[in-house]
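Dear colleague,

Please find below the structure that I am handing over to you, followed by an account of what was found in it.

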Amino acid sequence: MASIRMQPVLRGKGVVGRRSILATRSAHQLVVTSSPDPSHTPKPIIKYGPPTGGRSSDSGHTVTVFGCTGFLGRYLVQKLARQGTQVIVPYRDEDEKRPLKIMGDLGQIVPMEWDARNADQIAECVKRSDVVYNLVGRDWETRNFKYEDVNVKAAGLIAEVSASLNVPRLVHVSHLNAHPDSASAFYRSKYHGERAVRDAFPTATIVRPSQMFGCEDWLLNAIAQYPILFKLNEGKTKILPVHVMDVAGALDLMLNAPVTSVASTFALPGPVLHTYNSLQSLISSITLNPISTAPTVPKPLAKAVATALNRGIWWPTVSPDEIERKYIDDLGIEAFQESSDLSKIQSGWAESYKPEMKGIDGEEVKGWKELDMTPDPIEDHAIKYLRRYRAATSYDIPVETGKHKPPKAYHVLP
């Protein structure tokens, strides 16, 4: 009888014992953030929940992602939310807010309205965050927003407000071809945007991806729908397309790798050199449609048509600066011209190749190697985004890429 009476007590002691074991925290679950201001009190970040992450866990981070509804932003938010990060997603109107409701657990995705010219609204979006991502960019001009307004002034204002509120880290996304002397006004504004960010936030991380491809991109889909745009320059323009999921993965890694990423500039090109002609051949082989026979439009005529369209139609079509960019090769293609053996070109560029570009403050440019990542070639993913352009009779014909990615050893970036 006594043993029966003691059973609830024994069960209670066992539960208490198990709880104490589970409540023990490990050293890797505690991160102490730094701040641009040495007088600012560091903020502890403690992980909770399953050690493998997941939507029901809590990484301890609070992150603001400006440009969260764009092509790259939605994939970054999804990756951050999967590891239990609370993500503040600024939006401009209700149409942008609508797709944000399905990205994460209740309370982990926090929509907040903002205006790129309103410093007070920016402050409300970043004051509780320990990392701010700025993915805002515009590659065409409108009557309300010019390249200078979006790529330079808005970027500088976000950096300035973040620094004034002692946000520990800022990650700014630029472009691989950002250069002060570029023929493209978009590329020039991206460079000046980097300068504005570093002036306001000296330890900001600058990320320079090349042209990205993905589900709703303006590369594979544009070639399939408007091939005449990619006949410009006789289709000889050389580019290094990179998968949007790889870029989002790199930005996600930077969240927990401050030693690697703080005050650094990353160039993230694709692993295979392509021309617009080779991409048209690739798309033709996947969609099983013949290559377009559209003519090569002279550059002055193409710019004149683009200017007329921009003045007569309010929605984005093609801009004169986009025509100019169709004639500009990506930076870093020299690595591929030096070596015809693609097996020697790892993580985008040859290991022996030192890109001519420098960071905005003269620092050495880092790449995929420092992030311990290998980007996927466009051939591995193109079928997923191009199958819808096939005819009904050939829709289900399989495609084999002939590539196998070996498993990668576990590694944690510092």
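Helices H2 and H8 cross in a right-handed sense. The model is a predicted one, and in it H2 spans residues 73–82 and H8 residues 244–255, with an angle of about 45° between them and their axes 9 Å apart. Since only angles under 35 degrees count as roughly parallel and 65 to 115 as roughly perpendicular, the pair is therefore classed as oblique. On the H2 side, the contact is formed by Tyr 75, Leu 76, Lys 79 and Leu 80. H8 contributes Val 244, Met 245, Ala 248, Gly 249, Leu 251, Asp 252 and Leu 255. By class, the residues of this contact are eight nonpolar, one polar and two charged.

Val 65 deserves a separate look. Leaving aside residues up to four places away in sequence, Val 65 touches Leu 76, Val 77 and Leu 80, then Val 87, Ile 88, Val 89 and Pro 90, and finally Tyr 133 and Leu 135.

In the first, H5 packs with H6 (residues 185–200): their axes come within 8 Å and cross at roughly 15°. H5 and H6 are therefore roughly parallel to each other, and their crossing is right-handed. The H5 residues that meet H6 are Tyr 147, Asn 151, Val 152, Ala 155, Gly 156, Ala 159, Glu 160 and Ala 163. Facing them in H6 are Ala 185, Phe 186, Ser 189, Lys 190, His 192, Gly 193, Ala 196, Val 197 and Ala 200. The residues of this contact divide into 10 nonpolar, five polar and two charged.

In the second pair, H5 packs with H4 (residues 119–126) at an angle of about 55°, the axes being 9 Å apart. H4 and H5 are therefore oblique to each other, and this crossing too is described as right-handed. Ala 119, Ile 122, Ala 123 and Val 126 of H4 make the contact with Leu 157, Ile 158, Val 161 and Ser 162 of H5. Here the division is seven nonpolar, one polar and no charged residues.

Where does Gly 270 lie? Gly 270 is found in the loop between S12 and strand S13 (274–275), and with a relative accessible area of 0% it is buried.

Most residues other than glycine have a negative phi. Asn 166, in the loop between H5 and S7, has a positive phi, near 60°. Its relative accessibility is 18%, and since buried means under 20%, Asn 166 counts as buried. Asp 372 likewise is not a glycine and has a positive phi, of about 55°. Asp 372 is placed in the loop between strand S16 (365–366) and helix H14 (382–386), and its relative accessible area of 30% makes it partly exposed.

Finally, some values for the chain as a whole. The chain has 14 helices and 16 strands. Of its 414 residues, 47% are buried. Among contacts with a separation of 6 or more, 73% are between residues 24 or more positions apart.

With kind regards

Key: Residues are numbered from 1 along each chain as its sequence is written. This is a predicted model: local features need pLDDT of at least 70, side-chain atom pairs count only at pLDDT 80 or more; totals for chains, interfaces and linings use all residues. Side-chain values use heavy atoms; hydrogens and water are left out. Axes are lines fitted to C-alpha atoms, for helices over the stretch in contact, and angles run from 0 to 180 degrees between N-to-C directions. Helices (H or I, at least four residues) and strands (E, at least two) are DSSP runs, numbered from the N terminus. Angles under 35 degrees count as roughly parallel, over 145 as roughly antiparallel, 65 to 115 as roughly perpendicular and the rest as oblique. A crossing is left-handed if the near helix is turned anticlockwise from the far one by less than a right angle, and right-handed if clockwise. Contact means heavy atoms within 4.5 Å. Ala, Val, Leu, Ile, Met, Phe, Trp, Tyr, Cys and Pro count as nonpolar, Asp, Glu, Lys and Arg as charged, and the others, Gly among them, as polar. Buried means under 20% relative accessible area, exposed over 50%, partly exposed in between (1.4 Å probe, protein chains only).
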